[in-house]
Amino acid sequence: MRIVDLLDAHRIALGARAKDKSSVIDLLVNLQEQSGVLSDVQAYKQAVWDREAQSSTGIEAGIAVPHAKSDSVLRPSLAAAVLQQGVDYGAMDGQPSDLFFLIAAPADGELHLEILSRLMQLLMDPSFTQALRNADSAQDFLQIIDRFERKTFEEPEESASPEQPEESYRVLAVTACPTGIAHTYMAAQALEKAAQQLDISLKVETNGSGGAKNILTEDEIRSAEGIIVAADKQVETERFSGKPVLFVPVAEGIHRPEKLIRQILDKEVPVYHHAERSSEVAVVDRAGPQESWARMLYKHLMNGVSHMLPFVIGGGILIALAFLVDVYDPQNPAGFGSNTPLAAFLKTVGGMAFQFMLPVLSGYIAMSIADRPGLAVGVVGGALAAAGISFTTIASGATPVSAGFLGALLAGFAGGYFMRALRWLCDRLPDSLEGIKPILLYPVLGILIIGAFMCLVNPLLGALNHGLVAFLNSLGGVSKVFLGAILAGMMSIDMGGPFNKAAYVTGTGALATAAAAGVASGAIEYQMMAAVMAGGMVPPLAIALCTTLFPKKFTSDERRSGAVNYIMGLCFITEGAIPFAASDPLRVIPSCVAGSALAGALSMWFGCSLMAPHGGIFVLGIMNGKLLYLLALAAGAALAMLLLAALKKDIGKR
Amino acid sequence: MVSANVKVTNPMGLHMRPAQLFVREMTPFASEVTIVHKDRTINAKSIMNLMASGIKQGSEIEIRCEGQDEQAALEKAVALIESGLGE
């Protein structure tokens with residue numbers, strides 16, 4: 001149990017300011033909380049205070065070692081702080097304390113005693129405490145501890161954790177994609193396979209829809225040569241501060257795993273520095289230094305979309321079920337979906353989920369941009385956009401016109417960047433106001449600003465949104481079919497990338513707007529959704545058919561995963577086609593786009609409509625024009641398959 | 001110099017709170033107070049030294065006192081350790 005292993009750069013605050021014992025404890029507990037070692041922050045803080053009540057943990061020579069054993073501590077951890085000016089901590093020698101180590105230990109065991117003992121042996125050396133007080137960075141602070149630990153306990157210079165050699169990896173990786181169903185795991189698999197071929201130890205953390213799995217530990221991060229972050233959404237990168245980190249889109253992890261690993265091994269990757277703020281929990285710039293502006297925007301957008309999706313899917317399917325179980329009453333077409341109590345229940349609950357869609361979208365976009373302070377501002381902005389509040393509607397009582405999802409997107413980005421600007425401005429305020437920034441200044445000023453902003457732009461966006469819907473509604477005959485072709489074709493251009501998501505957001509956005517407004521089934525909005533889904537279902541289906549009917553054109557591995565694509569396609573998980581598209585993009589993608597476009601166009605032409613945003617074959621029961629929709633899908637899949645078969649050569653002839 | 005052997009009874013050993021109590025109670029004595037534990041000699045009037053020693057429950061320690069009030073100091077120290085230092 002080494003002290004450096006319990007401590008981490010982001011749990012060290014140097015040159016911190018605190019006015020009394022209470023604010024020091026707040027500061028230290030905040031640092032401790034950041035690394036997720038506490039299950040209940042309040043309970044832990046209470047335990048620290050209970051311990052202080054018995055007798056102060058301030059010892060002597062300016063050193064204090066607050067500590068608590070608690071059930072709320074998940075794993076042992078240290079936090080440290082050096083204050084600019086010592087505070088009265090009730091130390092035994094009556095001197096002010098300025099060097100703090102906060103120990104968090106699980107309730108069972110004598111671990112905290114061992115930590116205390118080891119720490120004390122180090123702290124007895126005045127040259128050690130002096131060096132700590134003069135440390136100019138958290139890394140420096142850690143290095144000093146490391147050096148003195150080696151010296152005091154005569155440990156060997158090379159500490160490649162000899163007790164657990166199997167737990168150290170040369171390269172680490174994190175994979176994540178907005179939906180978190182397919183890309184995340186495909187990238188992880190590709191990286192692991194490449195590492196095996198290179199004979200490199202590698203561990204991959206997957207941030208999928210079910211939460212992070214196979215989480216990288218601090219020890220692993222410390223001993224790794226570098227970390228690959230292959231992600232299209234925000235992942236926790238603060239823990240990688242001080243290590244070489246390679247930021248790439250998740251697709252890179254799938255396509256070029258070997259190259260990425262080599263870049264780490266060849267030390268071509270710059271060291272990542274997380275923006276460090278000693279006393280603030282949230283940090284502004286979480287993104288890597290090498291990311292392009294457009295990619296940053298895409299990442300923020302995807303953070304919003306991925307958090308919004310559960311609301312869209314849950315709410316949408318419940319609403320769809322409401323229509324499915326309801327009895328259509330020709331006298332009251334607008335009431336369809338809530339005529340029977342069961343339908344009304346499903347529709348109400350689903351509708352409630354939909355109400356959160358826009359605030360969550362904008363809230364998480366803003367949070368991606370400005371971290372935690374952005375969330376509240378984005379959520380409020382999104383809610384104002386959804387309600388369409390403007391100065392005119394407030395003053396005159398006129399009926400608000402919703403700014404729709406376009407307004408929510410704007411609210412998210414505007415809110416996020418407003419908060420960044422606000423934080424930048426607040427940095428210029430005296431440090432004595434530091435404490436009230438996150439609890440008072442950010443929320444009050446941020447929400448005020450986004451409120452005024454949304455009231456100004458809502459009327460414009462409301463008009464634009466209505467104009468678009470009206471325009472789409474006015475598209476008849478050929479142009480409607482064209483729209484279907486465009487939407488569906490976009491779905492398979494990048495299968496989960498920006499084109500795909502743009503089409504999908506358009507489809508689900510139209511669906512949500514119409515459903516919220518009570519538009520009856522069969523409307524153009526629902527037809528768009530059906531076309532979008534057809535476009536997303538075609539690529540995996542086409543590939544599955546092709547592997548079955550033209551096995552000579554595929555390797556045995558491809559043929560096996562081809563079969564899985566039947567299921568993926570039927571469930572509307574376009575991502576299943578990606579390995580094929582990745583290995584042979586110039587043949588696979590045009591074929592799929594053509595097939596998807598045909599399916600989308602036919603679906604629109606047949607007037608097939610869908611009132612659920614997801615579900616594939618499982619929502620066929622609630623569709624209008626079921627058989628024709630299947631026909632459209634079959635035609636699209638067949639076209640894509642034939643094109644693919646024509647373009648692809650037999651394996652032996654390559 | 002006088003000395004005595006005692007066994008630490010605190011469930012968690014001489015962690016910070018009992019160590020603080022021990023140091024506070026022993027400070028008024030003029031004698032030098034040292035504890036010998038696992039061949040190490042510890043200044044028992046320094047909280048840091050005491051805690052750094054990491055003395056656990058069941059440890060046999062030798063308390064040594066040297067000075068004009070060494071007998072009283074030793075009796076006090078033994079009584080403190082044997083009483084479990086308030087635990």
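Me: In which strand of chain B is the place of Cys65(B)?

Reply: Cys65(B) lies in strand E4 of chain B. Helices (H or I, at least four residues) and strands (E, at least two) are DSSP runs, numbered from the N terminus. The model is predicted, so local features need pLDDT of at least 70 and side-chain atom pairs count only at pLDDT 80 or more, while totals for chains, interfaces and linings use all residues. Residues are numbered from 1 along each chain as its sequence is written, and chains are lettered from A and ligands numbered from 1 in the order in which they are written.

Me: Why is Cys65(B) called buried?

Reply: A residue is buried if 20 or more other C-beta atoms lie within 10 Å of its own, exposed if 12 or fewer, and partly exposed in between, the C-beta atoms being placed from the backbone. Cys65(B) has 26 other C-beta atoms within 10 Å, and is therefore buried.

Me: Which residues is Cys65(B) in contact with, leaving aside its neighbours within four places in sequence?

Reply: Two residues are in contact if their C-beta atoms, placed from the backbone, lie within 7 Å. With those neighbours left aside, the contacts of Cys65(B) include Met1(B), Val2(B), Ser31(B), Val33(B) and Leu74(B). Ser31(B) is 34 residues from Cys65(B) along the chain, yet their C-alpha atoms are separated by 6.0 Å.

Me: How do you know that strand E4 of chain B pairs with E1(B)?

Reply: Two strands pair if DSSP finds at least two bridges between them. E1(B) and E4(B), residues 60-66, are joined over six bridges in the antiparallel sense. One of the bridge partners is Glu62(B) in E4(B), which faces Asn5(B). E4(B) also has five bridges to strand E2 (residues 32-37) of chain B, again antiparallel, and Cys65(B) is there the bridge partner of Val33(B).

Me: What is the order of the strands in the sheet of chain B, and what makes two of them edge strands?

Reply: The four strands form an open, antiparallel sheet in the order E1-E4-E2-E3. Strand E1 (2-7) and strand E3 (40-43) of chain B each have a single partner strand, so one side of each is left without a neighbour in the sheet. The twist averages 25° from one strand to the next, the angle being taken from 0 to 180 degrees between N-to-C directions of axes, which are lines fitted to C-alpha atoms (for helices, over the stretch in contact).

Me: What joins E2(B) to E3(B)?

Reply: These strands pair in the antiparallel sense over four bridges, and Thr34(B) has Asn43(B) as its bridge partner in E3(B). They form a hairpin with two residues between them, and Lys38(B) in the turn has a positive phi of about 50°.

Me: What makes Ile145(A) buried?

Reply: Ile145(A), found in helix H6 (residues 138-153) of chain A, has 25 other C-beta atoms within 10 Å, and is therefore buried. Leaving aside its neighbours within four places in sequence, Ile145(A) is in contact with Ile3(A), Val4(A) and Leu7(A).

Me: How many residues does each chain give to the contact between the chains?

Reply: Chain A gives 16 residues and chain B gives 14 residues. On the side of chain A, the largest share, seven residues, comes from helix H4 (residues 111-123).

Me: What is the confidence in each chain?

Reply: pLDDT is the predictor's confidence in each residue, from 0 to 100. Chain B averages 82, with 99% of the residues scoring at least 70. The mean for chain A is 80, and 86% of its residues reach 70 or more. Over residues 157-165 of chain A the pLDDT is below 50. Where pLDDT is low, the predicted coordinates should not be read in detail.
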